[in-house]
Amino acid sequence: MLRIPGRITKTCEGLSRRDLMRVGGASLLGLNLPQFLQWKAQAAETGVSALKGAKGFDTAKSVLMVFLQGGPSHVDIWDPKPDAPLNIRGEFKSIKTKIPGTHIGEHMPMMADQLDKCTLIRSMSYTPNGLFNHTAAIYQMLTGYPPDKVSPSGQLEPPSPADFPTAGSHIAKRKPPVGPVLPFVELPRPLQESGVIGKGGAAGFLGKAYDPYRLYQDPNKPIQLDDLTLRKEIPPQRLKDRFELLKGINGSMPDLEKALDSYAIDEYYGKAYDLVLSGKARDAFDLEKESEKTRDRYGRTTFGQGLLLSRRLIESGTRFVQMNWPAVANGNAEVDSWDTHAANFGPLKNLHCPVLDRSLSALLEDMSQRGLLKDTLVVAVGEFGRSPRIGVSTSGNANAPDGRDHWPYCYSAIVAGCGIGAGQQYGESDQTASSPKDKPVHPNDLLATVYYALGIDPDTTIYNHLNQPRELVKGKPVTGLWA
Amino acid sequence: MKPLHLLLCLALPAAAADSVTFLRDVAPILNKVGCTSGPCHGAAKGKNGFKLSLRGYDPEFNYQALLYDLGGRRFNRADPAQSLMLAKPTQAVPHGGGLRLEPGSAYYQTIFNWIAQGVPYGAPTKDGIASIEMQPASLELAKPEESQQIKVVAHFLDGAVRDVTKEAVIASNIPDVADVSNDAVVKGLRIGEATMLVRYEGKFGTIPVTVLNPKPGFAWKSLPQNNYIDQFIDAKLKRLKIQPTAAADDATFLRRVTEDLTGQAPTPAEVKAFLASPNRPALIDNLLARKTYVDHFTLKWGDLLQNSRKFLGDKATWEFREWLRDSVASNKRYDQFVRELLTARGSTTDNPAANYYRATRDPKPTMEKTTQLFLGVRMVCTQCHDHPFERWTQNQYYEMTSFFSTVGIRPGFESGEEILFDKRDDYDIRHPKDDRVMKPKFLVGSATPLPDDANRRQAFAEWITAKENPFFAKSMANRMWSYFLGKGIIDPVDDIRASNPPTNEALLEALTKDFKDHDYDMKHLIRTIVNSRAYQAGIQVNEWSATDNINFSHAIPRRLNAEQLMDALTQATGVRPDFPEVPEDTRAEEFPDPHVGKDGFLDLFGRPQRETPAEGERKTDLSLPQALNLVNGKSISDSIGGPNGRIAKAMIAGATDKALIEELYMATLSRVPTPGELDKGITYLRAGDSRAARAQDLLWALVNSKAFLYNR
């Protein structure tokens, strides 16, 4: 299996453990041990990942992570429980969808019509260590590690260079895209809870070089791109002249060229040159190139135009796009945060659901029509769901009588693309949507699935800033999605 | 379930067996067959209700667990084969861990006999291990593909000797150079060096393995040796058949040593002066006396000691920086410097050294930081379990921590000030396993715990800075070496342990001894290193050194760090970027902490945020966003075209084409252009409408060149 070369002697857990875990992971591929070992030996000889050819492995060229920060109420949106008592099922009715037998909340009619293009996971679940506030949960979702692994006080620490890298950073490092494109773009605003901004959304110990390209602007307005736009005083010919000069200077010192050969400097410069000159990335950010009809279909909102922009970036070749829900988790549902402690039903009905429904359904429809779903993995998920019981406190926060609190034990996710079952429901929750009834999916499993789809072995050893070996993610890919 | 009686026929008579003890005979088997491994019963919570200590680091715990958990049901002395301890691993009864022991095997028989003999623990003074011996002590393989058997022998405290090759755990630290098979045969895979790490019952050993280059025709060409460093380097290179590279030319040396000692690039005037009279030792002494030397090493100490207003507030950050500057400027002896930090008391305003304790306020992180910084030893693993590849134990973690548990911090009189004091009570450190109070005890050296009335920090400071301390001088010599040669003789520099051996032990020992003999004189250490031919070597490689990157046979280019790069750009363009937090003329190398210019150029280029005391926090790789910034960034573009910049001034002064190009080369690459470069430059300047714009293009290309971005 894929192993990143490095010193192997420093683990806190021992040498043979990884090997044992590799073997343990093999059962999921339907192999017995000797077969697995044989496969592994072959893989080691050929230098090809042992997972090559496994179902779903390496099917995605890019990933669009629609991160619904704030914690959307799964019971009201994706997993209605019409037979549960009123204080659980809430005010909303449920409606039929394109998946036979699967109903969703009544305020998601357009999604109901597009559900045949994706899989609805209803068994997302994990049990956090200690408090489960947003930052801790976001960090868990996107890095694969609970924040107490990096800061003793846990969740309200600001981002630190010792943090575990966010998924997009790992991917930008391991699977750099070819051609003049940005590897990893995050928009339209950072992950945030109160004063803690960007935790779980940075490259952490990989170094800032792998941070996302942060486009923190409202895509519903014209976008400014200074660093991707050739400077006024430098017309294209002048940049070309400059690069010619540069080539000459570098070329005059062949010993240095040779010594730095493995550092890929010319590649980075070549990419930077192409990016600035080709305007390809800049074009990707130009929503004026879309028809009015398409723009309307996505919705003239920050979220809607952000998803459209995300699609354009994916088309341009960006490896990982992270589109964050554009309102922060601050408990104020009136500014359309998903964090509906103070009021759940009114805001969901009037603010959140119409936006999510229109834009996400437009994305699936559009990407499907353009054939982009063939090799793009789309994931739409929040950091947790919301308490099935209305008006109770589960996280220590105060809740209005019609509010719902944080609920990481059971929630839903939408996944689509790269061969994942279209029109499928994966997993099921119990009668009150409180815990998965079957096929639980830990956030780490979801992350492992993302890596796996991109052809990155989830069981890869990474090295932190102290050069200690760590697991890329402690999870198993949900291969059942490709059923 | 298999019927148990099937096994009975396999049981051999126990009467004739040698006496067997847990310590000497059984514990190694449990480790070897995997019972105590991390995924099995060695896991933090055990497995299926049965917990053993990880990799058997606590044999007594394991013995107790076997004996008394489950009400002693693991043994049937009358009929040993029926014991769960044999029935489980042989899968006579279902075992989650699968088949671990073949019935009737030698291991099976040993455990059988042990049970039959009444499960004796053994006497730690007799059955314990005095040492393990590796045979051979070191290994040279004449070429890749050659292999050789190695042997591990245990010496017990009662004098007994036993071949434990089979039970020892042996692994290679660089398996693609030399690997080891399950039956302890070492095989060379490619030219280079690796170390076999041997572990047996809490004892560790190493076997250095060299895979020699079999290519014929190597003829050693002697190069001048500038000091003892080169003797040790050459001795090793000669043995490995690696031909070192001669010292780099004067201009290259000037740039390299000026960047390394002062964090600045030489000015055109300095380039001219040095090339006219290239006295290297004199230049080194001159650089060591500069203010920029003080800034450069203050920056390094600021990183390591986590000087940041996040921990200290604005005022104390500047105060601590001044204290560090004074220490560097006065060439404070290293032991004195560390003693002052560790024993600091009182107000942080009066005694800024006391800020040492403010970034890590609790005893545990303070202990981890202190050992990592000043000993190069990482204790962090041992907070939860004994170190897997080192001799450090969990007990030692807490014993060492208790040296720092008396440190008290209370608010001072002014804002931004705090007061360090020694607590008189409520400072006990307890072991997490059994809650016993851990008394302070040194990691190595004195075996007796500290007397109760001793000042713990004082005692610690004396111990750590003592010349007998095996790590203190060594770790600094090694760290300093890495600043100039790009990597430590032990690398990473803050991870010294038996399983991370030095690439040139004799050299490191010599450097360490020299550092001690000169009473921890930092400038002496630096001067010795940068005067060596090894430091001054060129980056060129030859057919014999092409694959070597650990023996310092040639120089390896290093990207200028963030602050160096910004200052080099300032000097090249003549325009200093503006930072409102600091006075106008402040160089990036002088910034007090990473809050100046946060999230800008410096952070993009890998400035550490000072969140940890690890050297690894500083990044010097190159990436796409960085290239984008250098190619098209606003600040670089503005600097190159600045109205008060180098080019604007040269235009106003009416510099000739030749003078202009020479100045640009000297201001960027610290050398004069070759005649060819000069010609090309002149042609370029004259080819366009605007001479200034053409000159800007040339400057742009120079600062984007590898020779500028890298210290080479």
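Q: Which domains does the domain assignment of chain A give?
A: This is a predicted model, in which local features need pLDDT of at least 70, side-chain atom pairs count only at pLDDT 80 or more, and totals for chains, interfaces and linings use all residues. Residues are numbered from 1 along each chain as its sequence is written, while chains are lettered from A and ligands numbered from 1 in the order in which they are written. With bounds that come from an automatic or database domain assignment, chain A has domain 1 (1–50), domain 2 (55–223 + 286–456 + 473–482) and domain 3 (229–278).

Q: How many residues of strand β1 of chain A are buried?
A: Strands (E, at least two residues) and helices (H or I, at least four) are DSSP runs, numbered from the N terminus. A residue is buried if 20 or more other C-beta atoms lie within 10 Å of its own, exposed if 12 or fewer, and partly exposed in between, with C-beta atoms placed from the backbone. A:S62, A:L64 and A:V66 point one way from β1(A), A:V63, A:M65 and A:F67 point the other way, and all are buried. For β1(A), residues 62–67, the count of buried residues is therefore 6 of 6.

Q: Which strands of chain A pair with β1(A)?
A: Two strands pair if DSSP finds at least two bridges between them. β1(A) runs parallel to β10(A), residues 376–381, with 6 bridges, and A:L64 stands opposite A:V378 there. A:F67 stands opposite A:N324 in β9(A), a strand of residues 320–324 joined to β1(A) in the parallel sense over 5 bridges. The partners are β10(A) and β9(A).

Q: Against which elements of chain B do the buried residues of α2(B) pack?
A: Helix α2(B), residues 22–32, has 10 of its 11 residues buried, among them B:F22, B:V26 and B:L30. Residues are in contact if their C-beta atoms, placed from the backbone, lie within 7 Å. The buried residues of α2(B) pack against α3 (59–68), α5 (106–116), α6 (124–127), β4 (151–156) and β9 (192–200) of chain B.

Q: Which helix gives the largest share of the side of chain B that touches chain A?
A: The contact takes 56 residues from chain B and 50 residues from chain A. Helices that each supply at least two residues of the chain B side include α24 (624–632), α28 (675–687) and α29 (691–703). The largest share, 7 residues, comes from α24(B).

Q: Which peptide bond of chain A is cis, with omega near -15°?
A: The proline concerned, A:P188, lies in the loop between β5 (184–187) and β6 (192–193) of chain A. The cis bond is the one from A:L187 to A:P188.

Q: Is B:Y520, with its positive phi of about 60°, buried or exposed?
A: Most residues other than glycine have a negative phi. B:Y520 has a positive phi although it is not a glycine, and lies in the loop between α19 (505–517) and α20 (522–531) of chain B. Because 21 other C-beta atoms lie within 10 Å, B:Y520 is buried.

Key
Contact = placed C-beta atoms within 7 Å.
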